[in-house]
Amino acid sequence: MRGGDLDNRRTAGARREAMQAGSRLHRKLQKRMGAGYQAEVALKHRVQEDQFDILVEGRADGILTEPAGVVIDEIKCIYMDVGRLEEADPVHMAQALCYGYIYSFDHKLSSVGIQITYCNIETEEIRRFQEVKSFEELSAWFEGLIHEYVKWARYLYSHGLRRQESLKELQFPYPYREGQRELAVSVYRSIARGRDLFIQAPTGVGKTLSTIFPSLKAMGEGYGEKLFYLTAKSITGGVAEEAFSILRREQKLYFNTVTITAKEKLCILEKPDCNPEACPRARGHFDRVNDAVYDIIHGEMGITRERILEYASQYQVCPFEFCLDISSWVDGIVCDYNYVFDPNVRLKRYFSEGSGQKGYLFLVDEAHNLVPRAREMYSAALIKEDVLLVKRILKAYGSAGRLLPLLDGCNRRLLELKKAYGTGREEEGISHRQVLGQDYELLSDIHLLALELMKLFGELEGFMNDHGEFKDRDLVLDFYFKLRDFLYVHDRLDEHYRIYARLLPEGEFMVKLMCIDPAPNLRECLELGSSTLFFSATLLPIRYYKELLSGNQEEYAVYAHSPFVRENRLVLAAEDVSSRYSRRSRREYEKICDYIEALVKGKKGNYMVFCPSYQYLSRIEEVLSEREEREGLSFTWFSQSSQMAEEEREEFLSRFDEVGERSMAALCVMGGIFSEGIDLREERLIGALIIGTGLPQVNIEQEILKEYFDKQGGGGFDYAYQYPGMNKVMQAAGRVIRTAKDRGIIALLDERFLRPEYVALFPREWGSYTVVNRYNVSQAVEDFWKQFDEPPTACP
């Protein structure tokens, strides 16, 4: 890992302090330089090439005039040990060369000195790199720079004109479905007014096109500069790619996009290693990448993973870095939430600190997933035993001598917390709790620990820079990143966080900084844009998502109308079964299997049964296996397994491609890979049986959430359990009706669904529901299928 990479990953607080310390040191160095040194010299130069009038301007840190000549001084204050520098950074040198050319041109100098001054912020040690350039050399270099710049400027100018013309002429590619026009209008108005919009969009509305199209129209009117389509899963990114492709094919849209794929999926190595000695693509990457980018943006409009790999191979460049460079030259980016929101992964070129508003449009697909994802992004944990592991590794290296006492200091602070564990000393800000036999403690602060960690972080950073290879370096590097993340989150601690400590099952002692309400962190990113659209088929209750995604209940919200007739869907609510832990027994599993048999017998077809957990699924398997062995079943069944490989998932879904001679029931886990993001249309799936209300398991973090929201004004159970649970229920139910031709049954197998607080969360498009029990459910199913022209086909 290069020093620059580590330097870019400092915590937010450290970055602010570094900027302030750097500015002070900057001024201090300038004052030391004497009477012949002029500080902060404004320079500008205008040049014309082709149809472009280009103004190059900046402010030189200093210009030193001596009898021997003029020296342009560029100062860089850094944390890195300046003794390790072998040459000036090419970017820093290029900046100074520009100033050198402009000053030489204005003052008719035949030559000028170019000096890069590096100063360590902590030690104030200085290292300078200086060379003399003739005016002829500077002129040739500057002309080449301008010529290269004009090539890109010409592209941006002509591309922008053509894009805006295309966007203004853009029409919706199909006849509007019911609810689509109103949704598109709402999107356009929100963007034009610079407001955020929350969209509950039932399956079938065509929410991807209904949000992308008006966003493009708004951009055509100047209401946005760049579009980010954000997803939780790669499959929804593919849907966005297809939407852009449709508009290009049907409407001649001129708007290029790139899909950013994770480094691990693009890297040509089995394990990513960006060291030029390990990766042939890293050697000379920067010499070749500009040509590769220029080629692909002229040759492709929808730049997918496959295209990136193809061009990266042709030009022998790193596919991931190539992909990121492409993103600077396209109109739209399709990417995971992480690339915008995660402080460790976000694209620094767009979302660095102090960027200011950029007029970005954010389209957040499946926005219900952003709440748990954001909590994870802005939380961090540290384990005491990891500190001791790193100490054991580094003991073998004499150069790590300064690190060992710092590691001891961190371990000592963690040990103090561990010794206090279980005492519940409220006067010291320690509150002992217990959840289902699991102990934990809420801590009021960890300032002393954080101070020790900050000292360790700075020293460890230097050590990692100096030692590129040593035994178990990967373990130390992993600890370094955990330490970095912990300090970053600690710098953000406020009333939206809780700090807790606990002993893990293996006896390890953990301290965690847990983000409860991610809205303030998300807002920092969203404020760089002009408008954000949060949309999902399951965004209820809307106030819950407004609070946790934007923190503003005044934001706009719309409920898109479903284009599907309600008669094609039967919603059943069972009054005589429950998945409560206190009710789980052999008798209850038998009753659930009675329902499965009754529904599957109603019409030959494919069904999904969503269980609360793998443990529950295994109990259903036992009952079905015994019944099959004892008396036979009228349908075939199979089950989802944990940690399925991609090939296994594809094989699982391929069984739904047709309706066999017998009905088929697939046992799945609610909230798992098959309850969201899969599209089984028409006869591929005609029923979803949902066992239980989807409540998250009672555990330490859910209880911390519950207590937090109770203190915020009540509704802790709703926020921690009910709303996330019902979201999983609605996602599973959404697998059934996918098109206007679909007909199917949603069976809610838990008596709790009949409570008013649950009924209030049923989506509008469900309409009415039918209360059933094991004795009349068969009749309800038969009556539903009878209403259609085709007679129901009962299984033998």
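I started with the largest cavity, which holds about 190 Å³ of space. I take a cavity to be a set of points, on a 1 Å grid over the protein atoms alone, where a 1.4 Å probe fits but cannot get out. A volume is the space filled by probe spheres set on the points, with grid points joined across faces, edges and corners. This is a predicted model, where local features need pLDDT of at least 70, side-chain atom pairs count only at pLDDT 80 or more, and totals for chains, interfaces and linings use all residues. Residues are numbered from 1 along each chain as its sequence is written, and side-chain values use heavy atoms, without hydrogens and water.

**Cavity and pocket**

I searched the whole structure and found 2 cavities of 30 Å³ or more. Lining residues have an atom within 4 Å of a point. The largest cavity has 18 of them, with Thr203, Met730, Gly734, Glu765 and Trp766 nearest its centre. Helix H25 (residues 716–733) gives the largest share of that lining, 3 residues. Helices (H or I, at least four residues) and strands (E, at least two) are DSSP runs, numbered from the N terminus.

Next I looked at the second largest pocket, with about 1,100 Å³ of space. A pocket is an open set with protein on both sides within 12 Å along at least five of seven lines. I found 33 residues lining the second largest pocket, and Lys233, Ser234, Ile235, Lys265 and Glu646 lie nearest its centre. Among the elements that each supply at least two lining residues are helix H10 (305–315), strand S10 (332–336) and helix H23 (646–654). H7 gives the most, with 5 residues.

**Strand S15**

I then checked S15 (residues 497–503). The strand is largely enclosed by the rest of the structure, because 5 of its 7 residues are buried. Buried means under 20% relative accessible area, exposed over 50%, and partly exposed in between (1.4 Å probe, protein chains only). Two strands pair if DSSP finds at least two bridges between them. S14 (residues 438–443) runs antiparallel to S15, joined by 3 bridges. Leu443 stands opposite Ile499 in S15. S16 (residues 509–515) is also antiparallel to S15, with 7 bridges. Here Ala501 stands opposite Val511. The S15 and S16 hairpin has 5 residues between the strands, and Gly507 takes a positive phi near 95° there.

**Surface spots**

I looked up a nonpolar patch of about 290 Å², made by Leu448, Leu451 and Met454. Patch residues have over 30% relative accessible area and no salt bridge; like charges are joined within 9 Å, nonpolar side chains (Val, Leu, Ile, Met, Phe, Trp, Tyr) within 5 Å. A salt bridge is a side-chain nitrogen of Lys or Arg within 4 Å of a carboxyl oxygen of Asp or Glu. Areas come from the Shrake-Rupley method with a 1.4 Å probe; for residues, only the protein chains shown count as cover. Met454 sits in helix H17 (residues 447–466) and is partly exposed at 44%.

Leu475 belongs to helix H18 (residues 473–491). Leu475 is partly exposed at 39%. Its C-alpha is 9.1 Å from that of Asp386, 89 residues apart along the chain.

**Backbone checks**

I noted a cis peptide bond between Leu540 and Pro541, with omega about -5°. Pro541 lies in the loop between S17 (529–536) and H20 (542–549).

Glu124 has a positive phi near 65°. Glu124 is in the loop between S4 (111–120) and S5 (126–134). Glu682 has a positive phi near 50°, and Glu682 is partly exposed at 35%.
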